[in-house]
Amino acid sequence: MALELTIVTPEGEAFASAIESVVLPGTEGEFGVLEAHERLLTALQPGPVEIRGADGAASQWAAVTDGFVEVTGEHVVVLVDHCILAGDIDAATAEKDRAEAAEELRGLSGAEENETRREELEKAIAIAEVRIDVAGRTSA
Amino acid sequence: MPNLRDIRRRISSVEKTQQITSAMRMVAAAKLRRAQESIEAARPYAERMRNTLSEVAASQTDAAHPLLVRRESVEKVEFVVVTSDRGLAGAFNANVLKRAEAMMKKCLAAGQTLEITTAGRKASEHYRRHRPDQLVESYELGGWISYDQAAHIGRRIIHRYEAGEVDEVVLVYSEFVSILTQRPVSHVLVPLAAAESAELVETAETSDLPPHEIEPDAEKLLALMAPTAVEVALYRALLENQAGEHAARMTAMENATRNTKDLIERLTLEFNRARQAAITSELVEIVTGAQAVE
């Protein structure tokens, strides 16, 4: 029996299909999931996801933000804020987002009240960088 | 005698109003459909998040996360009041504001101090006038609700809560019950409601599957998940508010269109009467004129 991957975001389902295996960016390091993986709950950080399709189809890449993953015997459910498949990423937009966030971060004083904004910008930069990275990876 | 031209001018002005209200009704109907789809799209994520959170919370009983624990004394309450940006939606915003005001009075009577965060321009305008000292932050919703907006607001609320600036956060918004009914509701957003956490633990225990392996550990995972749960609750409130706004506007504009129809009917009647009166008096003049000549 194949493995079933579902990527769910608050704005809807981003991916749902039967797959061979998936590599996910866990907070404790990247890890791969194959069929009959042990039941697992863990957190993800912004990073690339490599999806190997069923029947030896070519790898597909996607960029996810931070979130969580629940692995059971035959289901992998990824809960993230955003997920974009490599083919849908516009590298120019991602680059622009990164530059804007970096610019604002530089202009931000070290004051304590800016802490939340600073964390947000750092996260935005990390996400944009992942997108730029993933955009370059075609299904090779 | 009413002037014929004046009446005709009024009729055409009401007709123009009717065009606007019926166009707004149709726009609201289209937006409502999209808003309802957003609510549907958000549901699977919210449900899965809830299940996962309940499992993690249940597996970890010793040191509960601060966002899940009720503080012993609640001195400062933050109100997050959600309304729409724009009016012309009947009593939609007024109902939420009334509900919020009643809750605030209760808190003040209990000797608690208030802080207000608003989402939606209508709420901001209201509190800028009525409670300018307690209004700490206000957000506009802009065109269409995105999860990032909810996360943005949520992070600031959590930050204030964790820093001890507030002891409780109450969310007031309109629940989208149906197209005809939007109900103002309020519930405690942070700490994640006590009743709910009890229920969370219960549902987790009834599951007969073996528990998941949790990495790195339940405490750390819970620390990451609890803020997300707050953001999801906020996102849901914003979506319900959005759908409710369009539904309320649709109903309001439907009524307005109906009123313009009645008004046009009445004015047309009046116009015809005036026209006939004019013809009659003209005839009388001609007849009297003819009789005078004889």
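**How the two chains pack: terms and cut-offs**

The contact between the chains takes 25 residues from chain B and 20 residues from chain A, where contact means C-beta atoms, placed from the backbone, within 7 Å. This is a predicted model, with local features needing pLDDT of at least 70, side-chain atom pairs counting only at pLDDT 80 or more, and totals for chains, interfaces and linings using all residues. Residues are numbered from 1 along each chain as its sequence is written, while chains are lettered from A and ligands numbered from 1 in the order in which they are written.

Q: Why does B:Val230 count as buried?
A: B:Val230 has 25 C-beta neighbours inside 10 Å, so it counts as buried. The cut-off is 20 or more other C-beta atoms within 10 Å; 12 or fewer is exposed, and in between is partly exposed. B:Val230 sits in helix α6 of chain B, and beyond four places in sequence its contacts include B:Leu67, B:Gly154 and B:Leu189.

Q: What makes α4(B) oblique to α6(B)?
A: Their axes come within 8 Å and cross at roughly 125°. Those axes are lines fitted to C-alpha atoms, for helices over the stretch in contact, with angles from 0 to 180 degrees between N-to-C directions. Under 35 degrees is roughly parallel, over 145 roughly antiparallel, 65 to 115 roughly perpendicular and the rest oblique, so α4(B) is oblique to α6(B). Among the residues making this contact are B:Ile158 of α4(B) and B:Val230 of α6(B).

Q: What makes the largest group of nonpolar residues a core, and how many residues does it have?
A: A nonpolar core is a set of buried Ala, Val, Leu, Ile, Met, Phe, Trp, Tyr and Cys residues joined through C-beta atoms within 7 Å. The largest one has 100 residues, and A:Ala62 and B:Val80 are among those with the most contacts inside it. Helix α6 (residues 218–293) of chain B gives the most, with 20 residues.

Q: How do you know that this core lies between domain 1 and domain 2 of chain A?
A: Domain 1 (3–86) and domain 2 (90–135) both give residues to it, so it lies between them. The bounds come from an automatic or database domain assignment. The C-alpha centres of the two domains lie 24 Å apart, and their contact takes nine residues from domain 1 and seven residues from domain 2.

How values were computed: Helices (H or I, at least four residues) and strands (E, at least two) are DSSP runs, numbered from the N terminus.
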